[in-house]
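Let's take a walk through this structure together, one region after another. Keep the sequence and the view at hand as you read.

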Amino acid sequence: MKNSIKIFRKEIKEIIKNRSIWLPILAVSLMFSVIFPAILVFSLDSIVKDPDTANFIAKIFQNVGNVELAMLDFMIKQFMIFLLLIPAMLPSLIAPAAIVLEKESNTLEPLLATPIRTGELLFGKTLTSMVPSFAISLIDFILITAVVDTIGYTKFKIIPLPTWEWFVVTFVLSPAISFIITMISIIISSKSTDIRSAQGIGAVVIFPIYAVIGMQIGGLFLINVKFILITCAVLLAICPLVLRMAVKIFDRENILTKWKMK
Amino acid sequence: MIYAENLTKRFNNITAVDNISFNINEGQIFGFLGPNGAGKTTTVRILSTLIKPTAGKVIIDGRDIKSNGDYIRSILGILTETPGMYEKISAYENLDYFSGFYSIGENRRKQNIEKFLKMFELWERRNDPVKSYSKGMKQKLALARALIHEPKILFLDEPTAGLDPESAFMVRNFIEDLKNDTKTTVFLCTHNLEEASSLSDIVCIIKGKIISISTLEELQNNKKGKRVEVIIKNGPDKFMPIFSEFKEIIHSEAAGNKINLTLENPETINPVIIKKLTDAGAEIVYFNEIKASLEEIYLDLIKN
């Protein structure tokens, strides 16, 4: 554990120095947790006055009492699904570089020659990817809650967030997604020969998250408690499998001998 | 300290290391020489438990490497052929990071970081990111990293490559001091034969298999065809036929006043040659047996 923390601390320091990693995430975060919710919730009454939107709401929410509140509930579900983007995006930017960057900078061999164990190394790399992702998700959760509640209270005298769904998404679903994407990215990183190919393949890993977001925006389904619980159960079951796979695939000998030093 | 027996490593159909055996005592410097692709790096990787041997046995510090990887890695330091450092962080942070993986106290760790950074003249630049360092500075930092936990065994792969002559001299002196002061066992892979001959207690020449393993003196003594240099004041040409009388003389060649002879059994034949030459009226200014350099021996062995 001590060695994993050591790796985590060093890598976080490097990430903080690398603006190209955290600036896009910060921009996306601000967009989805402050700007979009503020604009949408603030302009809710004018949105529902649009005849097409009113027609759309009538189709989705039958027998709805207050159209504005029903629309607010719909939007909150949309924000929630965007909250899944961050734990998927950040690991897909950080984790693919985890091993391949060590290979490229010729630091992997001296690192593996220390008494560090494979599990400790992978856990340290996983923390590097998961901790910032969880921290940003948490900040986003707080920001969206603050923005939505402030405007919600000002306009409708209600405090819509947080809900239990949001807690489960933030504290179970997001970390699970983050963990799985990190593990898959580390597997890819172990097998890759250069950072570009690792990040290219890594970007594909988050495609299912985009697909879920796209399906919800397209109206194919709407995120609900049942969906969240089933997804949580499936992802939590997958977590130990990908961990085992990552440790098995991380073969010191293969990584060192199949990698041509620069 | 390091005992290897019938060590073999195969990668698919290629045998990188073929049934090699050696024994290195504590505090010895083991010069490991061979052309590119001879199996030097593979051997170092096996000994440092980074890869597993296909066959054979290795005992390091009394423990089998197969089941004591963590312990073995805790007592060795390694300078790889292409040593990489984390370029975005400082030299101090690099050493702090790597030394943190070993069981040494916090105070000693900090003392060692300071000691080695000062020793390799990097202390003034300790807080600069490594990417701003020259190649030689990075090489010195990598050496400091290998030494930071005071290892019992040090694997050095081309330790002076990329260093300016002054730094290379300093590193060589340092390796000698290590042997004398700390009893550190040094496994030295090098192409620099001068370095190997000046530092090594044992010289091992490998090309997949071990071609030769002995002390430099033994290598020199075992070399076929010793060289003798003779300088004759009154011109060498008229004395050249004398050398054809000796079956022990393999080759003779004159250049100016100097004659170079390649011969067998110099201990017995040299006095006879001197007598024959003086009897024939040669004014001998200089007669000396020249020890073969490691380079000559190495090239000879590798070629054959």
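B:Asn19 belongs to strand 2 (residues 14–24) of chain B, and although it is not a glycine, it has a positive phi of about 55°. Helices (H or I, at least four residues) and strands (E, at least two) are DSSP runs, numbered from the N terminus.

Before going further, please note that this is a predicted model, in which local features need pLDDT of at least 70 and side-chain atom pairs count only at pLDDT 80 or more, while totals for chains, interfaces and linings use all residues. Residues are numbered from 1 along each chain as its sequence is written, and chains are lettered from A and ligands numbered from 1 in the order in which they are written.

You will find B:Thr49 in the loop between helix 1 (40–47) and strand 4 (55–60) of chain B. B:Thr49 is buried, because 22 other C-beta atoms lie within 10 Å.

Now turn to chain A, which has 14 helices and zero strands. Its C-alpha atoms fill a box of roughly 65 × 30 × 30 Å, taken along the principal axes. Of the 262 residues of chain A, 36% count as buried. Two residues are in contact if their C-beta atoms, placed from the backbone, lie within 7 Å. Among contacts in chain A with a separation of 6 or more, 84% join residues 24 or more positions apart. Look also at the peptide bond from A:Leu161 to A:Pro162, which is cis, with omega near 0°; A:Pro162 lies in the loop between helix 9 (118–156) and helix 10 of chain A.

Leaving aside neighbours within four places in sequence, A:Ile57 is in contact with A:Val48, A:Val67, A:Ala70 and A:Met71.

How do the two chains meet? In all, 23 residues of chain A are in contact with 25 residues of chain B. On the chain A side, the elements giving two or more residues are helix 1 (2–17), helix 8 (108–112) and helix 14 (252–257), and the largest share, six residues, comes from helix 1 of chain A.

Finally, consider the nonpolar cores, each a set of buried Ala, Val, Leu, Ile, Met, Phe, Trp, Tyr and Cys residues joined through C-beta atoms within 7 Å. The largest has 129 residues, and those touching the most other members are A:Leu83, B:Ala144, B:Phe155, B:Phe187 and B:Leu188. Helix 10 (residues 164–191) of chain A gives the most to this core, with twelve residues. Beyond its neighbours within four places in sequence, B:Phe155 is in contact with residues including B:Val44, B:Leu47, B:Leu76 and B:Phe187. A second, separate core of ten residues includes B:Phe243, B:Leu261, B:Ile273 and B:Leu277.

Key. Buried ≥ 20, exposed ≤ 12 C-beta atoms within 10 Å, placed from the backbone.
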